[in-house]
Amino acid sequence: MDFNVPEDIQRLCDNVHAFMEEHVYPLEKRAERWVMEVGGPAYPPPIRELQAKAKKLGYWAFHLPAEAG
């Protein structure tokens, strides 16, 4: 049985790891904290921007089929 990770999967993992290092972890370390308010947005603008980047790269919920939205 071959337990080697296929090249395309390894590349995906490397790219997701780089995305996390470059965008997600620095956002988590920011000093400012966002508090959800009644009637306010579900996510602050920096999170929405990051979500858009992740979606554009195909990293947002890539484990779900396209028909799931």
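Is Arg-11 buried, partly exposed or exposed? Arg-11 is partly exposed, with a relative accessible area of 43%; by the scale used here, buried means under 20% relative accessible area, exposed over 50%, and partly exposed in between (1.4 Å probe, protein chains only). The structure is a predicted model, in which local features need pLDDT of at least 70 and side-chain atom pairs count only at pLDDT 80 or more, while totals for chains, interfaces and linings use all residues. Residues are numbered from 1 along each chain as its sequence is written, and side-chain values use heavy atoms, leaving out hydrogens and water.

**Overall form**
- Two helices and zero strands are found in the protein chain; these are DSSP runs numbered from the N terminus (helices H or I, at least four residues; strands E, at least two).
- The radius of gyration of the protein chain is 16 Å, whereas a compact globule of 69 residues would have one near 11 Å; the value is taken over C-alpha atoms, and the globule rule is 2.2 Å times the number of residues to the power 0.38.
- Along the principal axes, the C-alpha atoms fill a box of roughly 55 × 30 × 20 Å.

**Surface and burial**
- Of the 69 residues in the protein chain, 12% are buried.
- The protein chain exposes about 6,200 Å², of which carbon and sulfur atoms supply 58%; accessible areas come from the Shrake-Rupley method with a 1.4 Å probe, and for residues only the protein chains shown count as cover.

**Salt bridge**
- One salt bridge (a side-chain nitrogen of Lys or Arg within 4 Å of a carboxyl oxygen of Asp or Glu) is found in a search of the whole structure.
- This salt bridge joins the side chains of Glu-7 and Arg-11, at 3.3 Å from N to O.
- Glu-7 and Arg-11 are separated by about one helical turn, because they lie four residues apart in helix α1 (residues 7–28).
- Glu-7 is exposed, with a relative accessible area of 63%.

**Nonpolar core**
- Phe-19, Val-24, Leu-27, Leu-50, Ala-54 and Tyr-59 form the largest nonpolar core, of six residues; such a core is a set of buried Ala, Val, Leu, Ile, Met, Phe, Trp, Tyr and Cys residues joined through side-chain atoms within 4.5 Å.
- Helices α1 and α2 (45–57) each supply at least two residues of this core, and α1 gives the most, with three residues.
- Leu-27 touches Pro-46, Ile-47 and Leu-50, not counting residues up to four places away in sequence; contact means heavy atoms within 4.5 Å.
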